[in-house]
Amino acid sequence: MVKVQLNNGIEIPQLGYGVFQIPDLEQCGQCVRDALETGYRLIDTAACYGNEQAVGRAVKESGVAREEVFITSKVWIQDAGYEKTMESFEKTLKNLQTDYLDLYLIHMPYGDYHGSWRAMEELYRVGKVKAIGVCNFLADRLADLILSHEIVPAVNQMEMHPFCQQKELRKVMEQYNIRMMAWAPFAEGKNQIFRNEVLAGIGADDNKTPAQVILRWLRQEGIAAIPKSVHRERMEQNFDIDDFIISDEDMEKIRKMDSGNSLILDIPSLDEVCRLHHIRFEQ
(Lines give C-alpha, C1' and ligand atoms only; values in the text may rest on other atoms or scores of the structure.)
Protein backbone atom coordinates (compact mmCIF):
# COMPACT_ATOMS: atom_id res chain seq x y z
CA MET A 1 0.00 0.00 0.00
CA VAL A 2 1.35 3.39 -1.03
CA LYS A 3 1.60 5.87 1.84
CA VAL A 4 2.47 9.55 2.02
CA GLN A 5 3.96 11.50 4.89
CA LEU A 6 2.21 14.42 6.57
CA ASN A 7 4.02 17.49 7.87
CA ASN A 8 4.07 16.09 11.41
CA GLY A 9 5.89 12.94 10.29
CA ILE A 10 3.05 10.40 10.36
CA GLU A 11 2.26 8.35 7.28
CA ILE A 12 -1.20 7.83 5.81
CA PRO A 13 -2.51 5.65 2.98
CA GLN A 14 -2.63 7.76 -0.17
CA LEU A 15 -5.82 6.08 -1.33
CA GLY A 16 -8.80 5.82 1.00
CA TYR A 17 -12.51 5.17 0.99
CA GLY A 18 -15.09 7.90 1.65
CA VAL A 19 -18.62 7.38 2.98
CA PHE A 20 -20.25 10.73 2.13
CA GLN A 21 -23.86 10.31 0.96
CA ILE A 22 -24.28 6.77 2.32
CA PRO A 23 -26.90 7.56 4.99
CA ASP A 24 -28.30 4.03 5.17
CA LEU A 25 -26.35 2.58 8.10
CA GLU A 26 -26.66 -1.05 7.02
CA GLN A 27 -25.43 -0.24 3.52
CA CYS A 28 -22.65 1.98 4.87
CA GLY A 29 -21.43 -0.78 7.17
CA GLN A 30 -21.37 -3.29 4.33
CA CYS A 31 -19.50 -0.83 2.12
CA VAL A 32 -16.85 -0.24 4.77
CA ARG A 33 -16.41 -3.98 5.29
CA ASP A 34 -16.08 -4.44 1.51
CA ALA A 35 -13.53 -1.63 1.34
CA LEU A 36 -11.44 -3.12 4.14
CA GLU A 37 -11.57 -6.57 2.54
CA THR A 38 -10.46 -5.01 -0.75
CA GLY A 39 -7.42 -3.53 0.98
CA TYR A 40 -8.36 0.04 1.81
CA ARG A 41 -6.95 1.19 5.14
CA LEU A 42 -8.09 4.82 5.21
CA ILE A 43 -11.78 5.38 5.95
CA ASP A 44 -13.15 8.93 5.79
CA THR A 45 -16.37 9.95 7.54
CA ALA A 46 -17.78 13.03 9.31
CA ALA A 47 -20.17 13.95 12.09
CA CYS A 48 -22.69 15.43 9.66
CA TYR A 49 -22.76 12.34 7.44
CA GLY A 50 -24.77 10.55 10.09
CA ASN A 51 -22.90 7.28 9.58
CA GLU A 52 -20.03 7.32 12.07
CA GLN A 53 -21.70 4.54 14.07
CA ALA A 54 -21.87 2.31 11.00
CA VAL A 55 -18.21 2.96 10.24
CA GLY A 56 -17.12 2.20 13.79
CA ARG A 57 -19.14 -1.00 13.92
CA ALA A 58 -17.82 -2.17 10.54
CA VAL A 59 -14.20 -1.53 11.48
CA LYS A 60 -14.65 -3.40 14.74
CA GLU A 61 -16.36 -6.35 13.04
CA SER A 62 -13.92 -6.49 10.12
CA GLY A 63 -11.18 -8.36 11.95
CA VAL A 64 -8.66 -5.71 10.88
CA ALA A 65 -6.72 -4.37 13.86
CA ARG A 66 -7.71 -0.82 14.83
CA GLU A 67 -4.11 0.40 14.52
CA GLU A 68 -4.07 -0.72 10.89
CA VAL A 69 -7.07 1.44 9.94
CA PHE A 70 -6.58 5.18 9.48
CA ILE A 71 -9.88 6.79 10.49
CA THR A 72 -10.74 10.38 9.61
CA SER A 73 -13.71 12.38 10.85
CA LYS A 74 -14.75 16.03 10.90
CA VAL A 75 -16.46 18.60 13.11
CA TRP A 76 -19.46 20.30 11.48
CA ILE A 77 -20.47 23.98 11.38
CA GLN A 78 -22.98 23.83 14.23
CA ASP A 79 -20.24 22.55 16.53
CA ALA A 80 -17.71 25.28 15.72
CA GLY A 81 -15.94 26.72 18.76
CA TYR A 82 -13.77 25.27 21.51
CA GLU A 83 -16.38 23.76 23.84
CA LYS A 84 -18.70 22.47 21.14
CA THR A 85 -15.80 20.90 19.24
CA MET A 86 -14.66 19.09 22.37
CA GLU A 87 -18.20 17.76 22.88
CA SER A 88 -18.55 16.77 19.23
CA PHE A 89 -15.21 14.98 19.34
CA GLU A 90 -16.29 12.84 22.29
CA LYS A 91 -19.49 11.90 20.43
CA THR A 92 -17.42 10.98 17.39
CA LEU A 93 -15.16 8.72 19.45
CA LYS A 94 -18.20 7.02 20.97
CA ASN A 95 -19.82 6.56 17.56
CA LEU A 96 -16.65 5.14 16.07
CA GLN A 97 -15.99 2.87 19.10
CA THR A 98 -12.41 4.07 19.40
CA ASP A 99 -10.36 6.04 21.91
CA TYR A 100 -8.46 8.09 19.35
CA LEU A 101 -8.72 9.45 15.80
CA ASP A 102 -6.01 9.30 13.20
CA LEU A 103 -7.08 12.55 11.54
CA TYR A 104 -9.59 15.16 12.74
CA LEU A 105 -10.69 17.96 10.41
CA ILE A 106 -12.64 21.20 10.55
CA HIS A 107 -15.32 20.49 7.97
CA MET A 108 -16.05 24.05 6.80
CA PRO A 109 -14.46 27.49 7.27
CA TYR A 110 -17.50 29.01 9.00
CA GLY A 111 -18.35 30.09 12.51
CA ASP A 112 -15.73 30.03 15.26
CA TYR A 113 -13.27 27.80 13.47
CA HIS A 114 -10.46 29.40 15.46
CA GLY A 115 -12.03 28.04 18.63
CA SER A 116 -12.35 24.65 16.98
CA TRP A 117 -8.69 24.73 16.03
CA ARG A 118 -7.63 25.52 19.61
CA ALA A 119 -9.59 22.47 20.74
CA MET A 120 -8.01 20.32 18.04
CA GLU A 121 -4.51 21.51 18.92
CA GLU A 122 -5.19 20.43 22.50
CA LEU A 123 -6.53 17.04 21.39
CA TYR A 124 -3.43 16.58 19.26
CA ARG A 125 -1.03 17.50 22.07
CA VAL A 126 -2.59 14.98 24.49
CA GLY A 127 -2.52 12.20 21.89
CA LYS A 128 -6.24 11.86 21.25
CA VAL A 129 -5.65 12.68 17.58
CA LYS A 130 -2.62 11.77 15.48
CA ALA A 131 -3.02 14.64 13.03
CA ILE A 132 -5.32 17.63 12.55
CA GLY A 133 -6.38 19.48 9.45
CA VAL A 134 -9.15 21.23 7.57
CA CYS A 135 -11.61 20.81 4.71
CA ASN A 136 -12.71 23.31 2.10
CA PHE A 137 -10.34 26.06 3.24
CA LEU A 138 -9.44 28.40 0.41
CA ALA A 139 -6.13 30.27 0.53
CA ASP A 140 -7.34 33.26 2.57
CA ARG A 141 -8.95 31.21 5.35
CA LEU A 142 -6.04 28.78 5.36
CA ALA A 143 -3.52 31.61 5.76
CA ASP A 144 -5.67 33.14 8.50
CA LEU A 145 -5.64 29.87 10.44
CA ILE A 146 -1.90 29.31 10.00
CA LEU A 147 -0.96 32.84 11.10
CA SER A 148 -3.26 32.71 14.14
CA HIS A 149 -2.14 29.42 15.72
CA GLU A 150 0.87 27.30 16.54
CA ILE A 151 0.13 24.09 14.62
CA VAL A 152 -0.07 24.12 10.82
CA PRO A 153 -2.82 21.90 9.36
CA ALA A 154 -1.50 18.57 8.11
CA VAL A 155 -4.26 18.14 5.49
CA ASN A 156 -6.66 20.29 3.50
CA GLN A 157 -9.43 18.18 2.01
CA MET A 158 -10.85 19.85 -1.12
CA GLU A 159 -12.94 19.27 -4.20
CA MET A 160 -10.22 18.03 -6.53
CA HIS A 161 -10.57 16.37 -9.94
CA PRO A 162 -9.37 16.97 -13.52
CA PHE A 163 -11.85 19.82 -14.03
CA CYS A 164 -11.01 21.53 -10.71
CA GLN A 165 -7.34 21.16 -9.83
CA GLN A 166 -6.93 23.88 -7.16
CA LYS A 167 -3.62 24.96 -8.66
CA GLU A 168 -3.30 28.32 -6.88
CA LEU A 169 -4.37 26.87 -3.53
CA ARG A 170 -1.87 24.04 -3.91
CA LYS A 171 0.95 26.59 -4.28
CA VAL A 172 0.06 28.03 -0.88
CA MET A 173 -0.25 24.57 0.66
CA GLU A 174 3.14 23.52 -0.68
CA GLN A 175 4.79 26.40 1.22
CA TYR A 176 3.61 24.83 4.48
CA ASN A 177 3.86 21.18 3.39
CA ILE A 178 0.11 20.70 3.79
CA ARG A 179 -1.15 17.56 2.08
CA MET A 180 -3.99 17.89 -0.40
CA MET A 181 -6.72 15.25 -0.04
CA ALA A 182 -9.20 15.03 -2.90
CA TRP A 183 -12.89 14.63 -2.22
CA ALA A 184 -15.10 13.92 -5.26
CA PRO A 185 -12.08 12.88 -7.38
CA PHE A 186 -14.57 11.78 -10.07
CA ALA A 187 -16.41 15.13 -10.02
CA GLU A 188 -19.55 13.20 -9.01
CA GLY A 189 -19.81 12.08 -12.64
CA LYS A 190 -20.25 15.61 -13.98
CA ASN A 191 -19.10 16.64 -17.49
CA GLN A 192 -19.41 12.97 -18.51
CA ILE A 193 -16.08 12.37 -16.84
CA PHE A 194 -16.33 8.58 -17.12
CA ARG A 195 -16.62 8.94 -20.92
CA ASN A 196 -13.96 11.62 -21.30
CA GLU A 197 -11.92 10.96 -24.44
CA VAL A 198 -8.65 12.24 -22.96
CA LEU A 199 -8.88 10.02 -19.89
CA ALA A 200 -10.11 7.02 -21.86
CA GLY A 201 -7.29 7.43 -24.36
CA ILE A 202 -4.66 7.57 -21.64
CA GLY A 203 -5.96 4.37 -20.06
CA ALA A 204 -6.53 2.43 -23.27
CA ASP A 205 -3.09 0.82 -23.62
CA ASP A 206 -3.16 -0.44 -20.03
CA ASN A 207 -6.85 -1.41 -20.13
CA LYS A 208 -7.64 1.10 -17.40
CA THR A 209 -10.86 3.04 -16.93
CA PRO A 210 -11.06 6.85 -16.75
CA ALA A 211 -11.67 6.48 -12.99
CA GLN A 212 -8.46 4.50 -12.59
CA VAL A 213 -6.57 7.05 -14.68
CA ILE A 214 -7.83 9.88 -12.44
CA LEU A 215 -6.71 8.10 -9.27
CA ARG A 216 -3.33 7.28 -10.81
CA TRP A 217 -2.94 10.92 -11.89
CA LEU A 218 -3.67 12.06 -8.32
CA ARG A 219 -1.18 9.55 -6.95
CA GLN A 220 1.56 10.80 -9.24
CA GLU A 221 0.70 14.38 -8.24
CA GLY A 222 1.25 13.40 -4.60
CA ILE A 223 -2.40 13.95 -3.70
CA ALA A 224 -4.38 11.66 -1.40
CA ALA A 225 -7.88 10.67 -2.54
CA ILE A 226 -11.04 9.25 -0.96
CA PRO A 227 -13.26 7.96 -3.79
CA LYS A 228 -16.67 6.56 -2.91
CA SER A 229 -18.62 3.75 -4.49
CA VAL A 230 -21.29 1.48 -3.04
CA HIS A 231 -20.39 -1.22 -5.58
CA ARG A 232 -17.63 -3.61 -4.56
CA GLU A 233 -16.50 -4.20 -8.14
CA ARG A 234 -15.84 -0.48 -8.56
CA MET A 235 -14.12 -0.28 -5.18
CA GLU A 236 -11.77 -2.99 -6.42
CA GLN A 237 -11.20 -1.21 -9.73
CA ASN A 238 -10.43 2.03 -7.91
CA PHE A 239 -7.93 0.22 -5.73
CA ASP A 240 -6.21 -1.40 -8.72
CA ILE A 241 -3.92 1.43 -9.85
CA ASP A 242 -0.47 0.14 -8.94
CA ASP A 243 0.37 -1.63 -12.19
CA PHE A 244 0.62 1.27 -14.62
CA ILE A 245 2.26 4.69 -14.88
CA ILE A 246 1.00 7.79 -16.66
CA SER A 247 3.66 9.39 -18.84
CA ASP A 248 4.75 12.99 -18.33
CA GLU A 249 3.07 13.90 -21.61
CA ASP A 250 -0.24 12.38 -20.54
CA MET A 251 0.03 13.95 -17.08
CA GLU A 252 0.21 17.30 -18.83
CA LYS A 253 -2.87 16.48 -20.91
CA ILE A 254 -4.83 15.97 -17.72
CA ARG A 255 -3.48 19.18 -16.20
CA LYS A 256 -4.82 21.05 -19.22
CA MET A 257 -8.35 19.80 -18.47
CA ASP A 258 -8.55 22.18 -15.52
CA SER A 259 -11.33 24.75 -15.73
CA GLY A 260 -10.14 26.60 -12.65
CA ASN A 261 -13.64 26.44 -11.16
CA SER A 262 -15.63 24.22 -8.84
CA LEU A 263 -18.28 21.97 -10.33
CA ILE A 264 -19.81 20.83 -7.05
CA LEU A 265 -19.46 23.20 -4.11
CA ASP A 266 -19.29 26.98 -4.00
CA ILE A 267 -17.39 27.24 -0.72
CA PRO A 268 -18.01 30.98 -0.13
CA SER A 269 -21.77 30.31 -0.28
CA LEU A 270 -23.05 29.04 3.08
CA ASP A 271 -26.47 28.34 1.54
CA GLU A 272 -24.85 26.11 -1.07
CA VAL A 273 -22.84 24.28 1.58
CA CYS A 274 -25.93 23.51 3.65
CA ARG A 275 -27.98 22.54 0.59
CA LEU A 276 -25.37 19.97 -0.39
CA HIS A 277 -25.36 18.45 3.09
CA HIS A 278 -29.15 18.61 3.54
CA ILE A 279 -28.69 20.52 6.78
CA ARG A 280 -30.39 23.65 8.05
CA PHE A 281 -27.89 26.03 9.59
CA GLU A 282 -29.07 28.54 12.17
CA GLN A 283 -26.63 31.22 13.29
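How much space lies in the largest pocket? About 720 Å³. Keep in mind that this is a predicted model, and that the volume is a computed value.

I'll stay with that pocket for a moment. Its lining is made of 36 residues. Nearest its centre are Phe186, Glu188, Pro227, Lys228 and Ser229, so find those on the structure to get your bearings.

Two helices each supply at least two residues of this lining: H8, which runs 210–220, and H9, which runs 232–239. Which one gives the most? That is H9, with four residues. By class, the lining of the largest pocket has 18 nonpolar residues, 12 polar and six charged.

Next, the second largest pocket. About 280 Å³ of space lies in this one. There are 19 lining residues, and those closest to the centre are Leu138, Cys164, Gln166, Gly260 and Ser262. H6 gives the most, namely three. Sorted by class, the second largest pocket is lined by nine nonpolar, five polar and five charged residues.

Last, the cavities. The structure holds three of 30 Å³ or more. The largest cavity has about 50 Å³ of space. Which residues line the largest cavity? They are Met1, Val2, Leu15, Arg219, Phe239 and Asp242. Four residues of that lining are nonpolar, two are charged, and none is polar.

That covers the pockets and the cavities.

Methods
Residues numbered from 1 in each chain as written. Predicted model: local features only at pLDDT ≥ 70, side-chain atom pairs only at ≥ 80, totals over all residues. Heavy atoms only, no water. 1 Å grid on protein atoms, 1.4 Å probe; cavity = no way out; pocket = protein on both sides within 12 Å on 5 of 7 lines; lining within 4 Å. Points joined across faces, edges and corners; volume = space filled by probe spheres on them. Nonpolar A, V, L, I, M, F, W, Y, C, P; charged D, E, K, R; others polar.
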